[in-house]
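User: Please walk me through this chain in short questions and answers. Start with the terms, then go to the details.

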Amino acid sequence: MAGTIGSASEHHAPQSFWRRYIFSTDHKVVGIQYGLTALVFLFIGYGLVALMRWQLAYPGQPIPIFGKLLLAVLGPDMADKGIMSPDLYNSFGAMHGTIMVFLAIVPLAVGAFGNYVVPLQIGAPDMAFPKLNMMSYWVYFCGGVIMLVSFFIPGGAAKSGWTSYSPLATVTDAGYLINGQTLWLIGMVFLITSSLLGSINIITTVIQLRARGLGWMRLPFFVWAQLVTAFILLLAFPPLEAAGVLQLCDKLFGSSFFLPTGLVVGGKPLEVSGGGSPLLWQHLFWFLAHPEVYVLILPAMGIVAEVLALVSEAVKPGASTLDLDRIAYEEVVRRGATPAFLGYRGYPASICASVNSEIVHGIPRADRILREGDIVSLDFGAVYKGYVGDSAVTVPVGHVSARARLLLKTTEEALAIGIQKVRAGRHLGDIGAAIQRHVEARGLSVVRKYVGHGIGERMHEPPEVPNFGEPDKGLVLAPGLVLAIEPMVNLGTWETRELDDGWTVVTADGKLSAHFEHTVAVTEDGPAVLTLP
């Protein structure tokens, strides 16, 4: 259709600086706003805990440089002679937790990367509700400002921990009508509202604006991670927001939603109606805080799954393992994450590429050329917003032998069988016993020296997850525990040896080995596999 002269300029009129960069509805600009603001709060949160740790290391001593600043800004009641008072220490602890979770990590992972990347990956021109998107950022920004302002009012910021448990949170600083805890609750209402607006926008955008032909099973895993995260926030945040409003009523209007009868403060009975339940607050708060674990860790898992799938597709005769490593590095950096293996204990690459008889930790090399009939185990991890994801797969190079196919099939089946045993209340030994039984029934062996592990903020966390063992033995699995389950299976003996490079582990008899791995969360309802492609 032809347009009239000047019609283009009518649709693309120049925008002012304020409209383009401050009050923008462009999803990229909003994503950058979220990212920059969250990084500022991340720095503030780190600064608070750094000051706390310094004061713990040198009790009763003035804090260098910042002690004078604290005294000048907060006064002698909070930092006399530059020494952190107990009340200020409690405030820093409460605000550190609040800032890191609600003002830094979640906005960075969801608000910044969700806004910037999701429309690009699904072929959408923008978010479904651009003005709502702008509003979600500014509500978040206002919530952050309210939190920071609380440091400068009489009594200082909130002192009852980032969980704000009643009755402590309700009776603290009761002498001030507007105190730090009151502003904490008001700020939380703003922050939760912002997250709800953003979650609605992401869900609607993915459902309604994805490109024609982009079915659910073709969505990038990062989009799936953001979509699931948005649903979790949408379900988990409203109870906490309602709880915050009720606690605010307890503080300002004398209600007793969370205050029990007969409460004594400072040796005197508290004059409230009573009959409330402090446990009710805990239930409502942890309705959010438990799934918050998955909100924080899911994006890292999505990146690992996507990158590992891309590297697997590049496996073909004539490719070098260094080629695969370059692809992994470029893709993980492009997604705003960092390779978890690179530099870990001195490891020199982004992936482990173990060929044929190499079990794990094979170092990618330019002269390690893949040939028809080889098998290559690709182990990859990524760090995203302080959380680590880890996964592995063994890929055939072209047509492979029947024995190699049996090895790959058995190892992948063993991983699936081990994952089925992940359930709250079961034992760690159930996982290894199931893997070992399946592998040895087919005449193969499981590696003993190298095992799976817990994972989260660090690559290797307790507990160790062996691929062998006895049922009903070992640690009882609890909800929230995240495990890297990784059976390593050999065609011959389970015994191993390490090559001279100090990393590559091979089978002692030179026979083939395979390695599959997923990161799995323990839930009440069974396993949640976090690194599915």
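Analyst: Two residues are in contact, or touch, when they have heavy atoms within 4.5 Å. The model is predicted, so local features need pLDDT of at least 70 and side-chain atom pairs pLDDT 80 or more, while totals for chains, interfaces and linings use all residues. Residues are numbered from 1 along each chain as its sequence is written, and side-chain values use heavy atoms, without hydrogens and water.

User: Which residues does serine 445 touch, not counting those up to four places away in sequence?

Analyst: Serine 445 lies in strand E8 (residues 445-446). Strands (E, at least two residues) and helices (H or I, at least four) are DSSP runs, numbered from the N terminus. Beyond four places in sequence, serine 445 touches Val439, Met488, Val489, Asn490, Gly492, Thr493 and Trp494.

User: The side chain of serine 445 reaches which backbone oxygen?

Analyst: A polar contact is a pair of N or O atoms within 3.5 Å; within protein one must be able to donate a hydrogen and the other to accept it, and residues adjacent in sequence count only if both atoms are side-chain atoms. A polar atom of the serine 445 side chain lies 3.2 Å from the backbone nitrogen of tryptophan 494. The backbone oxygen reached by this side chain, at 2.6 Å, is that of glycine 492.

User: Is serine 445 buried or exposed?

Analyst: Buried means under 20% relative accessible area, exposed over 50%, and partly exposed in between, with a 1.4 Å probe and protein chains only. The relative accessible area of serine 445 is 8%, so the residue is buried.

User: What is the relative accessibility of serine 199?

Analyst: Serine 199 is found in helix H9 (residues 180-209). Leaving out residues up to four places away in sequence, serine 199 touches Ala230, Leu233 and Leu234. Serine 199 counts as buried because its relative accessibility is 1%.

User: How many residues does the largest nonpolar core have?

Analyst: A nonpolar core is a set of buried Ala, Val, Leu, Ile, Met, Phe, Trp, Tyr and Cys residues joined through side-chain atoms within 4.5 Å. Phe92, Met95, Leu240, Val376, Leu378 and Phe380 have the most contacts inside the largest one, whose size is 85 residues.

User: Which element gives the largest share of this core?

Analyst: Apart from this core lies another, of 26 residues, including Leu415 and Ile431. In the core of 85 residues, the largest share is 15 residues, and they come from H6.

User: Why does the end-to-end distance of helix H3 agree with its number of residues?

Analyst: The expected span of a helix is 1.5 Å times one less than its number of residues. H3 (residues 27-57) has 31 residues, so it should span 45 Å. Its end C-alpha atoms agree, since they are apart by 45 Å.

User: Which residue caps the N-terminal end of H3?

Analyst: A side-chain oxygen lies 2.8 Å from the backbone nitrogen of lysine 28. That oxygen belongs to the capping residue, aspartate 26.

User: In what order do the three strands of the open sheet stand?

Analyst: Two strands pair if DSSP finds at least two bridges between them. E13 and E14 (residues 505-507) pair over three bridges, with threonine 496 opposite threonine 507. The pairing is antiparallel and the order is E5-E14-E13.

User: How many residues does the hairpin from E9 to E10 pass through?

Analyst: E9 (residues 452-454) and E10 (residues 461-465) run antiparallel and are joined by three bridges. Glycine 454 stands opposite glutamate 461. The hairpin connects E9 to E10 through six residues.

User: What is the relative accessible area of lysine 81?

Analyst: Phi of lysine 81 is near 60°, positive in a residue other than glycine. Lysine 81 is found in the loop between H5 (76-79) and H6 (86-122). Lysine 81 counts as exposed because its relative accessible area is 65%.
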